[in-house]
Amino acid sequence: MVFFTLDDLDNVFTRYAKQQGFGIVKGGGAYKQEKGKTLNERRNCTWKCELGGKPDARIRIHSALVAERNGVENFPVSERQLRNAVDKERRLKIMEGDAKAMAAYFHRMSTDNQNFFHLHRLDNDERMKDVIWVYARSRAAYIEFGDVVCFDSTYLTKRYLLPLANFVGADHHGQSVLLGCALISHEDAETFEWVFTNWISYMGGKAPSGILTDQDATMKKAIAKVMPNTRHRWCLWHILNKLPLKLGGYDKYDEIKEVLLRAIYDSYTVEEFENSWKVIDAYNLGENAWLQGMRSTQRVESMNSFFDKYLKKQTRLYEFVQQYCKAMERGAEDEKQADADSARFCHQLVSDFPIERVFQKIYTSAKFLEVQQECLKNLYVSIVGCKVVDEKVLEYTIEDRVWVRDPNTRKEIP
């Protein structure tokens, strides 16, 4: 193909990338020169593929090896296996000084508080491999708020590329609370089993009733083995982040995205969701393996941004656990302040419902405001009929206003 301008070429690349479901960025290039002067016009340019994030040499290596073997069916190593093999050398190279400093810090913490839990294991070369630690405060919080937890391993430390795996819950103010942390060398089933087993053991042997994770098959396998009675669900935030990658190649991607978001946010019953999900048939998405697999919370995003306040690109590994402690202390201060605010301030009632007054007394300020919104909606309910079923039962017919989410603001409107 011949292009007369770089803009024409850029438009073709951009359209193709969108159709295939990945992004590209225009990199550097040289400018034309005339009589020793540099003109404001490029003579060449470089485009970089951002498939699933920043350009990754491992993806290009795997693609090249597959091409050499004339197809993926002739190459027994998957892309994920190649990633683990490459990462093995890079991730486990923890400096000796860092490992010793981290161990010394954990020892000091254990001396100061016997309820502080930490555990690590070494690889075959006696280098630190995986680390897990839980503060006493986290264990106490788990007793109160450990019904449902979110487990996330997508946050990476910049220096070592070790996935930081967090156990996160929500307290009585709706604030995120840290329930444990681990630095893991590999994202495989065996490693996750090690993390889950030791975490549950320290938490008194009680697994959570529910757990939210990203769409990772190895996590699913580990959870099924270690926590067989725990209800496992995928995190909505991770799913929505993958929409452009998994569905961006379809011509009607914008329409598909809007219908899917409507099904997710505006369905109040299982039947409503199943009916909305029929969009798969309408847009011929039945062969999309990722979307079909979903048939079988923002809390992760907020925790990742929370840690960004305490970590920098130059943060050393032994410094990380100390910064994590500071993050724990900040969370404790926020909870203490929210407790004080709930005790000092009392939100006004918006209705004459006796139950709202009860809610006002038993809920924290943040939770009461949520319940109060439901009380406000009940003001729109009108009784349009009453039928006597028997001498002890009355059957009322009511009329209610339907509330839906605005597709642009995602806020509920009547």
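Helices (H or I, at least four residues) and strands (E, at least two) are DSSP runs, numbered from the N terminus. This is a predicted model, where local features need pLDDT of at least 70 and side-chain atom pairs count only at pLDDT 80 or more, while totals for chains, interfaces and linings use all residues. Residues are numbered from 1 along each chain as its sequence is written, and side-chain values use heavy atoms, leaving out hydrogens and water.

**View 1. Helix H16 (residues 354-362) and helix H17 (residues 365-378) have axes that come within 10 Å.** The axes cross at roughly 170 degrees, so H16 is roughly antiparallel to H17 (an angle over 145 degrees). On the H16 side, Glu356, Phe359 and Gln360 make the contact (heavy atoms within 4.5 Å); H17 brings in Phe368, Val371, Gln372 and Cys375.

**View 2. Val381, Ile383, Val388, Leu394, Tyr396 and Ile398 make a nonpolar surface patch of about 590 Å².** Strands S12 (382-390) and S13 (393-399) each give two or more residues, and S13 gives the most, with three.

**View 3. Val381 sits in the loop between H17 and S12.**

Technical notes: Axes fitted to C-alpha atoms, helices over the stretch in contact; angles between N-to-C directions. Parallel < 35°, antiparallel > 145°, perpendicular 65-115°, else oblique. Patch = residues over 30% accessible without salt bridge, like charges linked within 9 Å, V, L, I, M, F, W, Y side chains within 5 Å. Areas by Shrake-Rupley, 256 points an atom, 1.4 Å probe, with all protein chains shown as cover. Salt bridge = Lys/Arg side-chain N within 4 Å of Asp/Glu carboxyl O.
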